[in-house]
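The exercises below are meant to be worked with the sequence and the model side by side. Each task is followed by a solution in steps.

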Amino acid sequence: MSDDRTFVIIGASQAGGWVANTLRNEGFEGKVILLGEEPYLPYERPPLSKAALLGEVTVDSTYFWQQEALDEANIEVRLNTKATAIDREAKEVVIEGDDRIAYDKLAITTGARVRELPIDGAQLPGVFYLRTMEDTLAIREAVKEGSTAMIVGGGWIGLECAATLTKLGCKSVVVEALDRLCARAITPEISDWLLQFHLGNGVDIRLNTGVEKFEGDGKLERAVLAGGENIDCSIAVVGIGVIPNAEIAAEAGLDTDDGIVVDDHARTSDPDIFAAGDVANHPNDLLGRRLRLESYENAQNQGITAGKAMLDKAESYAEIPWFWSDQFDVNLQMIGVPENWDETATRGDPAKNEFVTFYLKNGVIDGAISINNPRDLRFGKRLMQANKTVSVADLSNPDIKMQALLKG
Amino acid sequence: MSEIEYHAVAKTDDIPEEDVIAVFVGEEEIAIYNVEGEFFATHGICTHEDVGLADGFVEGDLIECPLHSACFEIKTGKAVNPPAEVDLKTYPVKVEGDTIYVGVEK
């Protein structure tokens with residue numbers, strides 16, 4: 001039996017690619033069209049601030065699926081194609097230039113875009129953001145060994161970028177408006193550990209301050225900090241957060257609220273339209289609230305959920321959030337969103353850059369952050385999923401194996 | 001079919017139950033697993049990205065990659081969890097006394 005339906009996906013991203021591939025993996029035989037604004041196939045973003053910025057990997061190697069694999073799966077990818085509107089009455093996606101593509105079901109995986117720095121001089125050549133492959137290639141082109149790189153924002157992108165630019169021979173200076181690093185994501189003691197770690201690797205970090213303006217004659221030459229200090233720099237990278245690309249949904253009348261509002265099956269307020277990834281504001285029963293996640297795991301697994309939901313194969317999506325970051329020789333991983341904990345347990349030695357800190361609420365792990373210790377973190381995730389009561393003494397004792405706690 | 005050559009790579013008590021270690025045969029990194037007292041071997045590097053599975057997490061008869069959480073069946077090498085979509089190569093294992101041997105094509 002042939003299937004004459006057409007499923008369209010707006011956004012050739014990690015989430016979009018997983019929607020498309022899931023449709024095929026689940027046996028959908030109709031037409032699958034994946035629309036991408038960029039000239040690239042869905043690519044991995046983690047390398048953008050690391051291996052790709054270092055120039056250690058090619059663009060092709062960051063693709064989740066090579067063109068041949070997409071061809072084989074009969075997924076029609078249209079690159080350099082910007083969707084400008086969704087006509088829900090006609091069930092058509094409007095493309096820039098006024099082409100229209102009819103859909104039976106539609107997925108929106110448009111991700112997020114960078115928040116721009118609203119200061120004088122932010123338009124000067126030499127001031128960059130880091131979100132897309134294009135951004136990474138442009139920064140790489142502009143990096144000058146031995147010069148100063150100004151990083152605006154002491155979050156994940158800023159810190160990864162500071163580490164990579166240091167490796168490339170730059171002097172990295174990070175300015176952060178708040179009083180600690182990654183303040184929205186991690187706990188104060190891990191912020192402090194990260195600060196010492198970066199300082200120890202030669203990164204200059206200024207907290208409680210910001211760049212007031214960038215100056216230069218036709219290109220970036222210096223940053224003027226709040227307070228008046230001038231720092232000469234040849235490039236600046238701004239990483240101050242992202243904004244979900246939800247406008248196309250809002251203009252089509254779909255419910256939006258910090259992203260596109262979806263249910264636990266990635267369904268929007270229109271039964272034929274789905275959304276997943278950074279753009280989707282979804283409920284998480286494990287956390288007891290709605291949230292938007294900007295993570296690798298969420299883009300993948302919510303994309304898979306959306307693909308299944310488009311085929312009416314309902315599968316609830318709610319996972320313990322999991323995140324990682326690589327900076328210098330450190331792999332940091334985090335599970336959960338630790339908040340309101342009443343006890344902490346640290347396993348390993350922070351001074352040796354290898355440990356995990358568990359955050360407990362009522363004797364149960366509520367979240368954890370590991371430095372160079374992903375294994376114990378994974379056991380922690382299992383303990384968390386099992387809702388198991390554990391003691392600080394046992395978790396902190398390296399002679400008690402994590403497996404034993406899981407079985408005990 | 002090329003011939004298989006067995007190499008002594010570890011002692012049985014080098015690998016606790018539900019655990020994994022990395023060994024090398026020549027240049028080839030191989031992960032050796034202990035699943036309920038039985039030993040298995042797969043290629044040591046995740047098929048998704050260049051990372052050693054011996055740093056991963058053994059649960060039952062699955063190995064989970066420490067980096068992106070891809071899962072493989074230890075006994076068959078089958079990729080069961082994304083992002084990995086390519087199966088892992090497996091190797092025959094023999095145990096004689098307390099020595100573990102892994103068979104690698106010559």
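Two residues are in contact if their C-beta atoms, placed from the backbone, lie within 7 Å. The model used throughout is a predicted one.

**Exercise 1. Describe chain B by its elements, radius of gyration and confidence.**

Solution. 
- Step 1: Chain B has eleven strands and zero helices.
- Step 2: The radius of gyration of chain B is 13 Å, close to the 13 Å of the globule rule for 106 residues, so chain B is as compact as a globular protein of that length.
- Step 3: Along the principal axes, the C-alpha atoms of chain B fill a box of roughly 35 × 30 × 20 Å.
- Step 4: Buried residues are 36% of the 106 in chain B.
- Step 5: Of the contacts in chain B with a separation of 6 or more, 41% come from residues 24 or more positions apart.
- Step 6: The mean pLDDT of chain B is 93, with 99% of its residues at 70 or more.

**Exercise 2. Work out whether the length of helix H6 of chain A agrees with its residue count, then say what covers its buried residues.**

Solution. 
- Step 1: H6(A) covers residues 188-200, which is 13 residues.
- Step 2: At 1.5 Å a residue, H6(A) should span 18 Å; the C-alpha atoms at its ends are 18 Å apart, so the two agree.
- Step 3: List the buried residues of H6(A): Ile190(A), Trp193(A), Leu194(A), Leu195(A), Phe197(A) and His198(A).
- Step 4: Look at what lies over them. The cover includes helix H5 (156-167) and the strands E12 (204-206), E23 (330-336), E25 (354-361) and E26 (364-371), each of chain A.
- Step 5: Gly202(A) follows H6(A) and has a positive phi, near 90 degrees.

**Exercise 3. Which strands of chain A are joined to strand E16, and in which direction do they run?**

Solution. 
- Step 1: Start with E16(A), residues 235-238. Ile235(A) and Val237(A) point one way, Ala236(A) and Val238(A) the other way, and all are buried.
- Step 2: Strand E9 (residues 127-129) of chain A is joined to E16(A) by three bridges, and the two run parallel.
- Step 3: Strand E10 (residues 148-152) of chain A is joined to E16(A) by four bridges, again parallel.
- Step 4: Find the bridge partners at Ala236(A): Val127(A) is one, and Met150(A) is another.

**Exercise 4. Characterise helix H8 of chain A and the side of chain A that touches chain B.**

Solution. 
- Step 1: H8(A), residues 296-310, has 15 residues and should span 21 Å at 1.5 Å a residue; its end C-alpha atoms are 21 Å apart, which agrees.
- Step 2: Of those 15 residues, 13 are buried, so H8(A) is largely enclosed by the rest of the structure.
- Step 3: Just after H8(A), the phi of Asp312(A) is positive, about 60 degrees.
- Step 4: Turn to the interface, where seven residues of chain A are in contact with nine residues of chain B.
- Step 5: On the chain A side, the elements giving two or more residues are H8 and helix H9 (374-385).
- Step 6: By class, that side of chain A has two nonpolar, two polar and three charged residues.
- Step 7: Note the predictor's scores for the complex, an ipTM of 0.76 and a pTM of 0.92.

Notes:
Residues numbered from 1 in each chain as written. Chains lettered and ligands numbered in written order. Predicted model: local features only at pLDDT ≥ 70, side-chain atom pairs only at ≥ 80, totals over all residues. Expected span 1.5 Å × (residues − 1). Buried ≥ 20, exposed ≤ 12 C-beta atoms within 10 Å, placed from the backbone. Nonpolar A, V, L, I, M, F, W, Y, C, P; charged D, E, K, R; others polar. Pairing = 2+ DSSP bridges. Rg over C-alpha atoms; globule rule 2.2 N^0.38 Å. pLDDT = per-residue confidence, 0-100.
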